[in-house]
Amino acid sequence: MYNFFLISIIFLVLTIKGYSQKTFEIPKVYYEWNQIKNANISSGGKIIAYEKNKLKGDGSLHIHIPSKNIHDSISKAEQTKISYNESFVAFKINPSYDTLRKLKLNDISKKKYPKDSLGIYVINNRKILKIARVKSFKIPEKSGNWIAYLHKKEKKEKSQNQEADTLSTDTSETDTVKKTIGHRLVLYNPLTNDELTFIQVKNYKFSENGKRLIISKETKQDDTDKNEVEVIVVDLTSFTVEQVFSGKGKIADIAVGPDGEHYAFIYTGDTTEIKDYHLYMDNQKIADSATSFLFENWQISSNSNLYFSEEGKRLFFETAPKPKKKAEDTLTDDEKYHVDIWHWRDRRLQPQQKKQKKRDIKRDYKAFYDIKKEKFLQVETKKLRHVYILKGNTSDYAFALDSKPYKRETSWTGRRFRDVYYINLKKNQCRCILKKHDNRISFSPAGRYVLYYSEKDSSWYSIDLKKDKKINLTGKLDVPFYNIKHDMPVEVKAYGVAGWDKNQHAYIYDRYDIWKIDASGKQSPVNVTKSHGRNTKTRFRYKKTDPEAYYLPDTLLLSLFQYSTKDAGYAQCLIKNSGKPEVLIKGAFKNYGIKKARESNDIIFRKGNFRNYPELYLTTSAFDTIQKLSATNPQQKNYRWGSVELTNWISNNGDSLSGLVYKPEKFDPEKKHPMIVYFYERYSDQLHTHYIPKPSHSVINFTRYLNDGYVIFIPDIIYKTGYPGKSAEDAVLSGTLHMIDKGFIDHDRIGIQGQSWGGYQVAHLVTRTDLYSAAMAGAPVSNMTSAYGGIRWGSGMSRAFQYEQTQSRIGGTLWEKPLHYIENSPLFYAPDVNTPVLMMHNDHDGAVPWYQGIEFFNALRRLNKPAYLLVYNNDKHNLRHWGNRIDLSIRMKQFFDHYLKSSPMPVWMKYGIPAIDKGKKTGYKLTD
């Protein structure tokens, strides 16, 4: 009797709890949800910091010190940096969301908005220091307890002797000069409270080891055309300040070596339109436009990115042709012409040239100064614009990529063909080693070998750069090293390279395993993971946790993903005496974001699944203990959520397919449920992906629709060249019928939804079947014949490559396969549409021209078919503007609710919204 009573009480409590779970209130629910961003672990693993940001609203910074069981949070904080010595955490503090919103509502100028502040969390006493009006801050990368922060600029009029830093030039006490007070820099030690202040600061940089700070200053005087400039070096070990340069002109950039031994800056004293920039190192001018290493009519670039190599032995900068003097303007505006001239021999189309115009104008070329040898080397040239020096710019070997010979055909094929060059910097020699290459390459860090994948025979090759000898490394292996799931009409890519060891062995991937390959070809390839991946259908991939390492470690940390179950985790494997990988953690979750402390074995990573937000965890390299650090969305327990599972079926043409089935909370298989089918190529690997409620960029939010009782089905699609539409039919229709056969789907209440490529397939499907009661197509291509010759306005490229070789999968030109283009264009079959269609196509879509949506809408409208087109003004392919995202979420849900749940039709669907009422009436209200 007692047990029966207890069970009854428990059942009653659980029942009440279940019914108390609520639906999402839109848009209010969007403001409740958080996301983890920018998780970091300190050098010694003592401190973990991450941001918990709201979709809209004030986020917070969370600081954990696990050894002391400390967890502190700071509101409105972001852009976190942890000091290398683990003495403090620095961050930016934003003005509150509500404050800024009120200012926007009152149309207050942005100049009057409250400014960002700097926050400093001191580890030993947990105190927070707050400094107002901070523009930027920096800390040394690998040592030191210092922080430097730059205040926002303020304009004042003062006597120059009233505010000065340690090394300002002396002036008469009675001499008052009107000047603009620039940014004020404060160098501060939070542990000792030592502080130095500098005014008129333009730029500042720490040495990597925290021993030196270099500062450039600039003061504008009203009585001269030149600004007064200074370069100051602060020695943080002796706490001394030295003015190393002063003059009149401009400092373009500054740099300090990683050990603080050397510093450099670029200066010009010219006031003319064409300025000559001088390169200084350690207060000595080492180059200007007259220096012999420069090409004729070249100079030190004013846009130089000045930096030292990792070992501090080379100083890198850029050079460029001298700019030409602007011609005198002799025409009025109405006398000037404005024309783009498209030339058939242009390497890039005019729209692409215009998109890249600023980059082209500022194009410069890498050079370096060898400090020990006191020699310059011009590394990049107009012929070889992209040169990469091995081992963190410290090697005598480099490689270059030249795509210019193939730019013209790239504009319609989309393929990034390149000639690959090998460069011996020591001997100043360069030779081409690969022609027209468009696949994986990898240079050994020592510069002896280059590894490349050949599409012709699906093999990995090496080139012995010393002997100029090519070696086939994998041709005898009965294992595909290319992507076996590739289904586009273009050459297939290899899976890739994990890295190199110190003995000139490369480590390459097949679909599942990792192979050790002797680049010399003398030793046979070795399967490092002992085919355990292939035997268990598990993918192993190396996770690099030391960003500065040139070679693979002796023990590889591997991510793992099992294709059959979609389970994930981590494993480890020894390079020497390799054996079956040791699984460290594995389960029904998705994992990512792994980071290791530089000087300890502590690791942070994230894992989660559909029901559980991917929280942040702390562990060690052995994964022996795992500690959960975050609790991001505890409010989720208050809402109906749902579940997800895999399903498998055979398509009409015999393909074995998989898909995802999302079921609402408290799913009753005995009832008939409405269903929305969403798709985008292959999706089943996303089984354990978590989706928070958020306004739509373009597609349905799974959790929101589940919360309202919908079943969601996502089928994988396998494509056949020339028949993308038919391929979608075979997969999606057979999958939908497979779901109907399960007995819990109402076949009269099924909708489909997709965006971009998915939007095209939605548009195609409604011309082929009446199975669906409602369809939403975002940014669909409706007419491949008109879209083929258009421009992708986001990049300026021709759209042709998409149809010939990539996602649209036609496999030929419009004139080679005209019938394929017509057959796969929904517009030509518009009379067959009987399904109500909602489209979104925005007028700033840079991927799919929005007239594609207009073409389909006009056809359906003329045919008197129920059709709606949402055009969000000045918004992109996927919505970015918050208000537009909320609006789309509301309208798309109302559309599906009406046709799939018999909800009343909203005003905007029944009557539309006239242009004169735009922005005044939403039309959300439901009609009777």
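Trainee: Which helix gives the most to the lining of the second largest cavity?

Mentor: On a 1 Å grid over the protein atoms alone, a cavity is a set of points where a 1.4 Å probe fits but cannot get out, and lining residues have an atom within 4 Å of a point. Helices (H or I, at least four residues) and strands (E, at least two) are DSSP runs, numbered from the N terminus. Here helix α9 (residues 724-741) gives the most to that lining, with 3 residues. The lining of the second largest cavity comprises Ser651, Asn653, Asp655, Leu657, Ile718, Lys720, Ser727, Asp730 and Ala731.

Mentor: The model is predicted: local features need pLDDT of at least 70, side-chain atom pairs count only at pLDDT 80 or more, and totals for chains, interfaces and linings use all residues. Residues are numbered from 1 along each chain as its sequence is written, and side-chain values use heavy atoms, with hydrogens and water left out.

Trainee: What lines the largest pocket?

Mentor: A pocket is an open set of points with protein on both sides within 12 Å along at least five of seven lines. The largest pocket has a volume of about 1200 Å³ and is lined by 43 residues, with Arg359, Asp360, Ile361, Lys362 and Arg363 nearest its centre. Its lining divides into 21 charged, 11 polar and 11 nonpolar residues. Elements that each supply at least two lining residues include α4 (357-361) and α6 (407-413).

Trainee: Which residues lie nearest the centre of the second largest pocket?

Mentor: They are Pro140, Glu141, Lys142, Glu208 and Arg598, from a lining of 39 residues. The volume of the second largest pocket is about 1100 Å³, and its lining has 17 nonpolar, 9 polar and 13 charged residues.

Trainee: How does the radius of gyration agree with that of a compact globule?

Mentor: The radius is taken over C-alpha atoms, and the globule rule is 2.2 Å times the number of residues to the power 0.38. For 928 residues a compact globule would have a value near 30 Å; the protein has 32 Å, which agrees. Its secondary structure comes to 16 helices and 54 strands.

Trainee: Is Asn393 buried or exposed, and what is its phi?

Mentor: Buried means under 20% relative accessible area, exposed over 50%, partly exposed in between (1.4 Å probe, protein chains only). Asn393 counts as buried because its relative accessibility is 17%. Its phi is near 65 degrees, a positive value in a residue other than glycine, and Asn393 lies in helix α5 (residues 390-393). Asn428 also has a positive phi, of about 55 degrees, but its relative accessibility is 59%, so Asn428 counts as exposed.

Trainee: Which residues does a cis peptide bond join?

Mentor: The bond joins Ile26 and Pro27, with omega about 0 degrees. Pro27 is placed in the loop between α1 (2-20) and β1.

Technical notes. Points joined across faces, edges and corners; volume = space filled by probe spheres on them. Nonpolar A, V, L, I, M, F, W, Y, C, P; charged D, E, K, R; others polar.
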